[in-house]
Amino acid sequence: MTIETAWAAVRDRGEILKATSLRDLFAAGPDRAASFSFRDEDLVINFSKEKLDQAALDALLALARASDVEGLRDDVVAGEVVNVTEGRAVLHMALRGGAQPPASDDVEGALARFLAFAERVRSGEVAGAGGKITDVVNIGIGGSDLGPAMAARALRPDIDGPRLHFVSNVDGAHLADTVAALDPARTLVIVSSKTFTTLETMANARLARDWLGANAVGQMVAVSTKLDACADFGIPAERVFGFWDWVGGRYSLWSAIGLSLAIGIGAEGFRAFLAGAAAMDRHFCETPLESNLPVLLALVSIWRRNAMGWPTVALIPYDQRLERFAAYVQQLDMESNGKRVTREGAPVTVATGPVIWGEPGTNAQHSFFQLLHLGTDVVPVDFIAAARPRDADPAHHTLLLANCFAQGQALAFGRTASEVEAEMRAAGRSEAEIARLAPHRTFPGDRPSTTILFRGLDPFSLGRLIALFEHKVFVQGAIWGVNSYDQWGVELGKVLAGGLIPALRDRTEPPPGTDASTAGLIDNLKELSA
Ligand code: F6P
């Protein structure tokens, strides 16, 4: 089957299902919960509240095959240069044992080295001028921040080492507020940057070096692929932890970029985290497409985006410790698949990456869920929840999960006008009041969601969850035909900012050719900051 034919079949089925409600789908298939739930060990994904049926899933699977998802996956594992615009292989799976690193790269040696360092910090063998390290500040941005920052929150009960802090924004307030209560004689600063050139990170690293003062000599370490640049910054080789250019920034959490996390949870915890990701790698590489969790997650996402035409996705963990998970997946998904040309450079002919956003439930229910239920746009929701609380009150966990499941119910099935009217009548409301309020209280329903459920949040299950989303992003990119591994979209703003810095700093004229709007803003700035 050609890709064009496969896309046409997906779209045709989509047109039929646009006119079929979730209520209709459940009436026609009362066993949907079973037939659209898939699992690997204790990880269950329930797609039954998505507006699709078996014919739609079959069409999507045919599209995956026509797009050669399996062939591209094999190319990734084999270390082919799949990042064609940057001329790089994509081998982050090698960091957890799921692919072969280039022969010259000692992945296990590098892992053992940074984990040993983490243990020495935890034990106090690596100490600050004032004694045992009490706080670790990771300075990095994007992939050099979001992964460890998200995981450090998610694994809070596992953190029995120094306190972990993350500074990313070039807004000096971020570093200032973070270090305000810290002791510079007992704080370890990790400068994490793949390139060791990123403006935000280097500016914050210099500021942190000043804050550490004389302690900087022994209390700064670096994580980078650019060992020379680390040396130039003044961090000696024995305190630099390297990785390789075949690790993309947003896939680098598994490398020494995870050093802060390893210091927090220890070597054993970090290895369990890697093992969770490796388990998902095996599942992804060995399971037929029909029951392959990341493949199915990606196909449902393609269905939402391309068959139904919905442009955004709300990612709602019912787990306070996953409070930064949506932010993490935002970079993973949107930086990978926010692309307008194919791998070959031709304009794409289908819509690509959706907008990903979200906050933890139940908080989100009390802010933007009104719009999800009753707004004019359909926003598909991905719910994520652990069946067991880690250490929280079990009664609270019951409340949490009841709310999670109820939101999926309300979105899917809503409450019809006649149901609202009957309920109001039963409550003794007048007919006039019923007529006035029923339209406001009617829920259209027919709004899709997927629920991802697993036993409990721990290093293993977090690693597995992240890898699930990594592979999902890969499959989507493969089907859309884009290179999911470059990020040229961040370049233009960086270059333009560089050109504007002198005008803002030195109060000089903006560079020739500056547009009138920006020149006007610079004038406003000069006046307001005078
Ligand atoms: O946002 C662009 C980006 O290149 C990301 O892909 C990367 O994670 C981030 O900047 C940080 O880059 P570096 O680790 O080189 O400082």
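**Exercise 1. Which polar backbone atom of K194 faces the ligand, and at what distance from an oxygen atom of the ligand?**

Step 1. In this predicted model, a polar backbone atom of K194 is 2.7 Å from an oxygen atom of the ligand. Local features need pLDDT of at least 70, side-chain atom pairs count only at pLDDT 80 or more, and totals for chains, interfaces and linings use all residues. Numbering runs from 1 along each chain as its sequence is written, and side-chain values use heavy atoms, with hydrogens and water left out.

Step 2. From T198 it is an N or O atom in the side chain that lies 2.5 Å from an oxygen atom of the ligand. A polar contact here is a pair of N or O atoms within 3.5 Å.

Step 3. The protein covers 87% of the 390 Å² of accessible area (Shrake-Rupley method, 1.4 Å probe) that the ligand has on its own.

**Exercise 2. State how the chain is divided into domains and what the contact between domain 1 and domain 2 takes from each.**

Step 1. An automatic or database assignment sets the bounds: domain 1 (3-66 + 287-413 + 447-486), domain 2 (92-271) and domain 3 (491-529).

Step 2. The centres of domain 1 and domain 2, taken over C-alpha atoms, are 32 Å apart.

Step 3. Their contact (heavy atoms within 4.5 Å) takes 27 residues from domain 1 and 20 residues from domain 2.

Key: A polar contact is a pair of N or O atoms within 3.5 Å; within protein, one must be able to donate a hydrogen and the other to accept it, and residues adjacent in sequence count only if both atoms are side-chain atoms.
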